[in-house]
Amino acid sequence: MKNIVEKKVSGSACCCDHCAVSSLSNAKIKTRKSILYYARFIIGAVLFVLGFLLSVNFIEIPQTAKKFNIELLVCLISYLLIGFEVVLNAIKNILKMFSNFGETSIAKKIFDENFLMTLATVGAFAIGEYPEAVAVMLFYRIGEAFEEAAVDHSRSSITDLLNIKSDWVNVKTNEGVEKVKPEEVSVGTLIVVTPGEKIPLDGIVVEGNSSLDTSALTGESMPRDVSTDTVVISGSVNLSGLLTVRTTKTASESTVSKILELVENSESRKTKAENFITKFSRYYTPIVVIAAVMLAFAVPLIFKNIEFKDSIHNALIFLVVSCPCALVISIPLGFFGGIGGASKHGILIKGSNYLDALNKIDTVVFDKTGTLTTGKFKVKEIVSLSDYTKEEVLKFAAYAEYYSKHPAAVSICEAFTNDASAIDVTAIKDMEEIPGCGIRASVNGKIVLAGNKKILEQNKIVFKDVDIFGQKIYIAIDGIFAGCIHLSDELKASSKESIIWLKKLKINVMMLSGDTNEQTKEFARQTGIENYRAELLPQDKLRILEQTIAEKNHKKNVVFVGDGINDAPSLARSDVGVAIGAFGTDAAMEAADIVLLNGETSTFCKAIIIAGKTHAVVMQNIVFAIGVKAAILILGAIGAASIWLAVFGDVGVAFLAILNSVRNLYNCKRGKF
């Protein structure tokens, strides 16, 4: 991903015709390949339908053409068009085994889904079931295409991460201000950050007061006030005042670069949950092949009364019955049924391996703001410490804050009235926003101050500190301290119930937050989470997450649930990353493996239930298919099974297993958990 970032950043500075033509040519080649792939797939599917119609005599074959076996020819062409890559990969793996004989890792790779699919379809061709051979490959490639498309789409862009990186730095010189690239700025350089700009490099404020939006880094929506000697980090957005900052880190060492690097390294260190069919085929396929060979050649050597001709016939029946069509088709269909059903509940799962991984959870690590909480501040309490009533304190505060876009101001205005026309704007005069302090305004001839302690101290107003948990906005009217408004984030409706439900499943729960320890502790108390950490930057969250992963049960998974750019490294590093899609950023959704579109933690619990039901259906298919096949295999081994029973053990079992998988899709869609 680092290379992608470098290319995009460097590419933005390059506008030469050669680069543009080269990019366009690459895009055209990629488009041609896509068109060729889909055209081949469609033609193969059409030929499959034709082959099936020929097999059931729906289309009559002319007498002169029968000797050419048109059905076999049509199905074979269809098979090669659809499954050429699968067969080729199986052959390549076999050749690698011979060229790297003795390496166990190579031997394990041979018995993957490519070999399994090739064995199943070639076996079907061998017994004359041509359309069935093509159908197995067709269904497999369709499911594979859907899964690959989901992963490609989710990993295709990191635009939000790039947006937090500045392209230019305003360097303060003797001649004025000069624009230079961040990579060219050394430690100790004075830089200027105007309102609305991102802070390009980590540093210390040497002049100016302002408020910073640090939500991209900490996930916290409440701006942070900064003044002289305050440490600021790159990626923060300057909201109001002009700042002069002395840099303390180079571009490569700044917070933004570290976040980009963390996502890259986290993704490379992440152990992906293995595809279920790959794990299954690794054990099932070699056992079947070895058993068939032994049945064909070892049995006649042991039992002298059995001829090679009969043993080979029995081995053929054995291979036909053991042909894993039922499993190859029904297992992916079972998972896709779960994925499709989950999507109906606003749960987007980027692969069957992640759905299956939800069945083995050791710990769930939650981000706080925007994940467990709404991320929006509400007026919780109004304290009047003067002759003004609580209603009057709120009214004067709302009038003073009317023109401000600060989250605290918006919350106060919403608490006062939902109807903006109820505020008489003609009563508001001389409104002034004081960076890092608050608002000064004239309301009906009264001078109103609304902000933090600094605004009262600067105006030498005697006030009493209010011991209230959360964000506090102090109000003064005509030089007299009137009271205080308490603002606080709110838990989402389902957060507490979700935590209780996870604990009942014996799943460990942890909360990580960039908020203050006081705020985090209170929300931990409300949700019942004992294990929590506060005042964390992205690298701190990642460090704690990696410690948790190192300490987990090695057979189980650690899930991280978050919503912001600051959560992207942790989402990428966790065994399963879950993004809150409704309120989350694109970067979080792209780094995650599962996206919850409605933004509620209860939906995550629903995803776990769907994963459990899907796993149960898949296991039912496996037990049923292997059970029926085992019975017929035993009969075939002693010569008591016909080829027709063998075909039923393959085709009939596959049909019933597919019906069971479809049932899972139906139940998941309708919430029948």
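Is Glu175 buried or exposed? Select Glu175 first: this residue is exposed, with a relative accessible area of 74% (buried means under 20%, exposed over 50%, partly exposed in between, with a 1.4 Å probe and protein chains only).

Before moving on, note that this is a predicted model, in which local features need pLDDT of at least 70 and side-chain atom pairs count only at pLDDT 80 or more, while totals for chains, interfaces and linings use all residues. Residues are numbered from 1 along each chain as its sequence is written, and side-chain values use heavy atoms, with hydrogens and water left out.

**Stop 1: the sheet**

Glu175 sits in the loop between strand S1 (169-173) and strand S2 (176-180). Helices (H or I, at least four residues) and strands (E, at least two) are DSSP runs, numbered from the N terminus. Val193 has Leu243 in S9 as its bridge partner.

**Stop 2: a loop residue by S7**

Go to Asp229, in the loop between strand S6 (224-226) and strand S7 (231-232). Asp229 is not a glycine, yet its phi is positive, at about 75°. Asp229 is exposed, with a relative accessible area of 63%.

**Stop 3: a helix residue**

Select Ala408 in helix H16 (residues 407-416). Ala408 is buried, with a relative accessible area of 3%.

**Stop 4: a hairpin**

Show S13 (residues 428-434) and S14 (residues 438-443), an antiparallel pair with 5 bridges. Ile434 has Gly438 in S14 as its bridge partner. The hairpin has 3 residues between the strands, and in it Gly436 takes a positive phi near 75°.

**Stop 5: another positive phi**

What is the phi of Lys506? The value is positive, near 65°, in a residue other than glycine. Lys506 lies in the loop between helix H18 (495-504) and strand S18 (508-512). Lys506 is exposed, with a relative accessible area of 73%.

Definitions and conventions:
Two strands pair if DSSP finds at least two bridges between them.
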